[in-house]
Amino acid sequence: MKNIFNFKRYWAGKDSKFDTFLMVAAIAPVPIFEHFITRTAASITNSNKEKLSTKIRNEVIRLVSEELDHSHDHRTINKIMSEHGYPIDCINHNIEEYFLSFDDKKCQEKLALVVIMEFKIRQLSEDAPLSPLLFNEGVHFNTVKSFLLEHAKDELGHYNVSIDLYKELNIPRRILLKYLLKFSIGSFIGYIRILNRVLHSQNLGFKDTIYFWLHTTKRMFWGKQAIASSVIKSHIDLIRTVFLWK
Ligand SMILES: [Fe+2]
Ligand SMILES: [Fe+2]
């Protein structure tokens, strides 16, 4: 999707400062995730051509092409967010270092991480249309939200492609479960750190900082659209899928 991005410093929820901080922390690292996904999926598919069906090879080619398009637009969004004073380069430098530490891991471990990331992105994509952070009733529409909704449509299929690739390569399911646990804990801690970095960059006073963490706690744990309940439910679904596959 090609779009001319034009958005204000506070663009999430009802142009809410705090919702924007939560969204900035969630979407700033996406191009780094997508770069890891594309280079891992492409290199594993290339080096296992004979073992894989034509169907899965074509699906991986489509996934890689969609991710490259997404990354291009995410980088444009990140550039504008940097101009609005968010510490995007700093956040992404740390995330890049994290992924570089996977370079010496085995292919099957990297692919497990790709499946988990596509799974997490699919969960966010399923939640996006109803999320109070983005599209709930009465919120103002802007180009970032419209891009995220378009992006979410592509993302719904990526998890299936990555898990089909994983199964065709006969990688043991225990590796996936191990990384699900590791990445879930790591990404929660990482998200809180990124939020903290965003917060420091905005020079909030003591009172606003307290309000922000109360707001975050509410978004995470309160009500039908609480982020935590959706995460727990989707993890149970993934674990069930992994145990039941033949
Ligand atoms: Fe993507
Ligand atoms: Fe994806």
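Tutor: Let's look at helix α1 (residues 17-27) and helix α7 (residues 173-201), whose axes come within 9 Å and cross at roughly 125 degrees. Here axes are lines fitted to C-alpha atoms, for helices over the stretch in contact, and angles run from 0 to 180 degrees between N-to-C directions. This is a predicted model, where local features need pLDDT of at least 70, side-chain atom pairs count only at pLDDT 80 or more, and totals for chains, interfaces and linings use all residues. Residues are numbered from 1 along each chain as its sequence is written, while chains are lettered from A and ligands numbered from 1 in the order in which they are written.

So how do we label that angle? Angles under 35 degrees count as roughly parallel, over 145 as roughly antiparallel, 65 to 115 as roughly perpendicular and the rest as oblique, and α1 and α7 are therefore oblique to each other. The crossing of α1 past α7 is right-handed, meaning that the near helix is turned clockwise from the far one by less than a right angle.

Now zoom in on the side chains. From α1 come Phe 21, Val 24 and Ala 25, and they meet Tyr 191, Ile 194, Leu 195, Val 198 and Leu 199 of α7; a contact needs C-beta atoms, placed from the backbone, within 7 Å. By class, that makes eight nonpolar residues, no polar and no charged. (Ala, Val, Leu, Ile, Met, Phe, Trp, Tyr, Cys and Pro count as nonpolar, Asp, Glu, Lys and Arg as charged, and the others, Gly among them, as polar.)

Follow α7 to its two ends. Asn 170 sits in the loop between α6 and α7, and Asn 203 in the loop between α7 and α8 (206-221). Phi is positive in both, near 55 degrees for Asn 170 and near 50 degrees for Asn 203. Asn 170 is exposed, with 8 other C-beta atoms within 10 Å; exposed means 12 or fewer such neighbours, buried means 20 or more, and partly exposed is in between. Asn 203 counts as exposed too, with 8 C-beta neighbours inside 10 Å.

Finally, step back to the whole protein chain. It has nine helices and zero strands, where helices (H or I, at least four residues) and strands (E, at least two) are DSSP runs, numbered from the N terminus. Buried residues make up 32% of its 246 residues.

Technical notes: Contact = placed C-beta atoms within 7 Å.
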